[in-house]
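Hi there,

Here is the structure I promised to pass on.

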Amino acid sequence: MVSEDESNVTMNGINFPDIQTAINSATSNEPVLTLQRNNEISSQIEIPEGYNVKIYLNNFTITYGDIVISKNDISKLSSIITGNGTMT
């Protein structure tokens, strides 16, 4: 967990430095994440089997290489995740 100034994503009102850390800290298999700023990731997001992660982009983006996920185009969302879980 990090301060609000260092937070890239929140889950249940708790600040996290990145999406993966938030998912890894989830106490439920249906975590709800909200972006607090644009997120640039260097590796795919691992979602455990049985997890259904809901992410609110909050007018921000997730960038993985040349792939950009935004509220206007989530069609490439599956290309930034790995594992047997889902993200919507």
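Leaving aside its neighbours within four places in sequence, Ile45 is in contact with Ile19, Gln20, Ile23, Ile80, Ile81, Thr82 and Met87, where contact means heavy atoms within 4.5 Å. Before you read on, please note that this is a predicted model, in which local features need pLDDT of at least 70 and side-chain atom pairs count only at pLDDT 80 or more, while totals for chains, interfaces and linings use all residues. Residues are numbered from 1 along each chain as its sequence is written, and side-chain values use heavy atoms, with hydrogens and water left out.

Now to the core. The largest nonpolar core has 22 residues, and Ile45 is among those that touch the most other members, along with Ile19, Ile23, Leu33, Ile62, Ile80 and Met87. A nonpolar core here is a set of buried Ala, Val, Leu, Ile, Met, Phe, Trp, Tyr and Cys residues joined through side-chain atoms within 4.5 Å. Buried means under 20% relative accessible area, exposed means over 50%, and partly exposed is in between (1.4 Å probe, protein chains only). Two or more residues each come from strand 1 (9-11), helix 1 (19-25), strand 3, strand 6 and strand 8 (67-69). Helix 1 gives the most, with three residues. Helices (H or I, at least four residues) and strands (E, at least two) are DSSP runs, numbered from the N terminus.

Strand 3 (residues 32-35) and strand 6 (residues 52-56) run parallel and are joined by three bridges, with Val32 partnered by Lys54 and Thr34 by Tyr56. Strand 6 also runs parallel to strand 10, through two bridges, and Val53 stands opposite Met87 there.

Asn15 is in strand 2 and counts as buried, because its relative accessibility is 17%. Its side chain makes a polar contact with the side chain of Ser7 (3.4 Å); a polar contact is a pair of N or O atoms within 3.5 Å, where within protein one must be able to donate a hydrogen and the other to accept it, and residues adjacent in sequence count only if both atoms are side-chain atoms. Asn12, in the loop between strand 1 and strand 2, has a positive phi of about 55 degrees although it is not a glycine, and at 65% relative accessibility Asn12 is exposed. Asn58, in the loop between strand 6 and strand 7 (62-64), likewise is not a glycine but has a positive phi, of about 60 degrees. Asn58 is partly exposed at 42%.

Happy to go through any of this with you.

Best wishes

Technical notes: Two strands pair if DSSP finds at least two bridges between them.
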